[in-house]
Amino acid sequence: MPSKTEKLLSLLNGQPVIPVLKIANVADAVPLARALARGGLPAIEITLRTSDALEAIRRVAGEVEDAIVGAGTILDAGQFDEAARAGSKFIVSPGITSQLLATAKDSEVPLLPGAITPGEIMAAREAGLRFLKFFPAEQSGGIASLKAFASPLADVKFCPTGGISAKNAADYLALPNVVCVGGSWVAPDDMVKAGKWDEIEALARAASQLKK
């Protein structure tokens with residue numbers, strides 16, 4: 001049976017950028033997910049930062065066959081369970097707690113927890129996780145920190161998120177311990193609000209071609 005890390009890596013396999021989405025209007029969720037998938041970014045993270053987030057996850061999971069929808073900004077076990085019931089294929093948290101690790105251990109849905117210190121990374125590693133979110137990336141030493149982790153924590157891979165843009169994404173993706181990056185630049189709020197799905201698809205296509 002594949003490990004949770006292997007399951008998570010297979011879901012995000014080959015996708016250099018994971019769109020991090022804040023859905024202000026639930027009606028935007030399905031056309032947005034479709035535009036991103038057409039552009040080559042089927043795996044998306046819908047953050048639980050709005051009242052419509054869980055319903056957005058439900059709709060994308062139920063209506064967009066090509067999408068792999070995950071839930072972000074998961075802070076506790078209750079939110080983890082709600083997001084999993086809504087149809088999330090993976091769970092993303094800004095940090096790591098014993099409660100979240102325990103909940104993830106008992107769930108089929110893999111967890112991508114945030115970790116920025118050696119101690120946090122080692123705690124996740126002890127729990128069997130080898131693929132972590134590095135958040136907030138730019139504010140936590142960015143590329144220099146990830147380079148420093150590469151040797152002592154050689155078997156751990158990262159998805160840096162926070163301050164990642166079209167300008168610096170390729171530099172992060174060039175690091176051997178970076179699998180993908182998370183970013184919101186592929187779905188700017190103003191484009192989403194205006195329903196500019198073709199333009200978002202074009203941004204997604206450009207992001208999908210960022211290779212290591």
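Which residues line the second largest pocket? Lys4, Leu101, Ala104, Lys105, Val109, Pro110, Leu111, Ala127, Gly128 and Leu129 do. A pocket here is an open set of points on a 1 Å grid over the protein atoms alone, with protein on both sides within 12 Å along at least five of seven lines, and a lining residue has an atom within 4 Å of a point. Before going on, note that this is a predicted model, in which local features need pLDDT of at least 70 and side-chain atom pairs count only at pLDDT 80 or more, while totals for chains, interfaces and linings use all residues. Residues are numbered from 1 along each chain as its sequence is written, and side-chain values use heavy atoms, with hydrogens and water left out.

Back to that second largest pocket: it holds about 170 Å³ of space, where a volume is the space filled by probe spheres set on the grid points, joined across faces, edges and corners. Helix 5 (residues 98–105) gives the largest share of the lining, 3 residues. Helices (H or I, at least four residues) and strands (E, at least two) are DSSP runs, numbered from the N terminus. By class, the lining splits into 7 nonpolar, 1 polar and 2 charged residues; Ala, Val, Leu, Ile, Met, Phe, Trp, Tyr, Cys and Pro count as nonpolar, Asp, Glu, Lys and Arg as charged, and the others, Gly among them, as polar.

The largest pocket has about 360 Å³ of space. Its lining takes in 22 residues, and Val20, Leu21, Thr47, Arg49 and Ser184 lie nearest the centre. Strand 1, strand 2 (43–47), strand 8 (181–183) and helix 9 (189–194) are the elements that each give two or more residues to this lining. Sorted by class, you get 9 nonpolar, 8 polar and 5 charged.

A cavity is a set of grid points where a 1.4 Å probe fits but cannot get out, and searching the whole structure turns up 1 cavity of 30 Å³ or more. The volume of the largest cavity is about 50 Å³. Leu12, Ile18, Val20, Glu45, Phe90, Val92, Leu112, Lys133, Cys159, Thr161 and Gly182 form the lining, and the elements that give two or more residues to it are strand 1 (17–21) and strand 4 (90–93). The class tally for this lining is 7 nonpolar, 2 polar and 2 charged.

The whole structure has 0 disulfides.

From Phe135 the chain runs into Pro136 through a cis peptide bond, with omega near -5°. Pro136 is in the loop between strand 6 and helix 7 (142–149).

Next, the aromatic rings. Rings of Phe, Tyr and Trp (its six-membered ring) pair if their centres lie within 6.5 Å; planes under 30 degrees apart count as stacked, over 60 as edge-to-face and the rest as tilted. There are 3 aromatic pairs by this rule. Phe134 and Phe158 have ring centres 6.0 Å apart and planes at 75°, so they go down as edge-to-face. Phe134 is in strand 6 (residues 131–134) and Phe158 in strand 7 (residues 157–160), so the pair ties together parts 24 residues apart in sequence. Phe134 is buried at 0% relative accessible area, and Phe158 is buried with 0% too. Ring pairs link Phe134, Phe149 and Phe158 into a cluster.

One backbone detail to finish. Thr73 has a positive phi of about 55° although it is not a glycine. Thr73 lies in the loop between strand 3 (68–72) and helix 4 (77–86) and is buried, at 16% relative accessible area.

How values were computed:
Buried means under 20% relative accessible area, exposed over 50%, partly exposed in between (1.4 Å probe, protein chains only). A disulfide is a pair of cysteine sulfur atoms within 2.5 Å.
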